[in-house]
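Welcome! Please open the structure in your viewer and get ready to select a few residues by number.

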Amino acid sequence: MEKREYISPVAEIVEVGTLNMLALSKVDTVQIDDTEQWTGESRGDWENIWATKHFCGFNNINRNYVAECMKWYAPFLKNGISADVIPMDADFSKYDLIIAPFLYMLKDGTAERIENYVANGGKFVTTYLSCMVDKNDMCFLGGFPAENLKNVFGIWNEETDSLPEGMKNSVEYNGEKYDVEHVCDIIHSTGADILGTYEQDFYKGMPAVTENNFGKGKAYYVAFRNDGNFADIFCKKLVLDAAITPDCDITADDGVLIRKRGEHIFVMNFSDDKVKINLNGEYKNSVSGEVLTGETELDVCGYLVLE
């Protein structure tokens, strides 16, 4: 058997990192415009992670706050739209759209900040089991969503149906049917437009997806959990409503992340295969100096820095 020289994983990582650093050193300083509007997604909140993991009720087995947030983050990632991960106390005003899935716990002042954000023209989305407890994990009195958010969303949540393992409901939205797993908020519209309804059980025909005009903005409530493609479909509507455009017109196969920072466009292949990139014009490869146009191929773990 032919003897093969062993290279430790650490040495290999150092080698790859060194080569990449040498290549990227050829790229000019990236200037970022702080006045740009972004899509924001409220997640990465440790108190909500802990609270949703450990409370009893509403299906104790199939709850995963981070996975739910990732489900709503992925459509923007796949479509080349920059989306920040923000805490509840971030500055909401710089965002065209904020998606806060499974926002079970609200810290002090968050409800008022959501209300002000929507009233001033923002688009805010939340989903099932949201706006129910305060920072001490104590239920808000007066019904859900908490405080004046019932007016912001134009709904009130009467109760929640937890579906046993293997049992499903379904929702009709925009002429299509979507499976419902694990959780169904049973909500009533108090002014919100009903975009989707449940198709089964004692709450058949009741709202499952709503949209409410509040002040200059809009608030959306998705009352159920879907582990399929509903988030992808609904995010297309949200992008149109908020007039959000991709960072650039470059398109690529699945698994490719495209981000524009200042005058530079970073194209990164996170898939396990070679991928094709479609350039809509002439671009300069900032690393090699080569001019690229049309269709080009990107290796596994490959990247381009274009300008």
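This tour of a predicted model makes two stops, with things to select at each.

**Stop one: Asn226**

Select Asn226 and look at the chain on either side. Is Asn226 buried or exposed? With a relative accessibility of 8%, Asn226 is under the 20% cut-off, so it counts as buried.

Next, show the side chain of Asn226 together with Asp179. The backbone oxygen of Asp179 lies 2.7 Å from the Asn226 side chain.

Which residues does Asn226 contact once neighbours within four places in sequence are left aside? Select Lys71, Tyr178, Asp179 and Glu181 to see them.

**Stop two: Asp241**

Now move along to Asp241, which sits in helix H6. Its relative accessibility is 26%, and that value lies between 20% and 50%, so Asp241 counts as partly exposed.

Select Tyr220 next. The side chains of Asp241 and Tyr220 make a polar contact at 2.7 Å. Then widen the selection: not counting residues up to four places away in sequence, Asp241 touches Lys123, Glu211, Lys218 and Tyr220.

How many residues apart along the chain are Asp241 and Lys123? They are 118 residues apart along the chain, while their C-alpha atoms are separated by 8.3 Å.

Definitions and conventions. Residues numbered from 1 in each chain as written. Predicted model: local features only at pLDDT ≥ 70, side-chain atom pairs only at ≥ 80, totals over all residues. Heavy atoms only, no water. Buried < 20%, exposed > 50% of the residue type's maximum accessible area, 1.4 Å probe, protein only. Polar contact = N/O pair within 3.5 Å; in protein donor to acceptor, adjacent residues only side chain to side chain. Contact = heavy atoms within 4.5 Å. Helix = DSSP H or I, 4+ residues; strand = E, 2+ residues; numbered from the N terminus.
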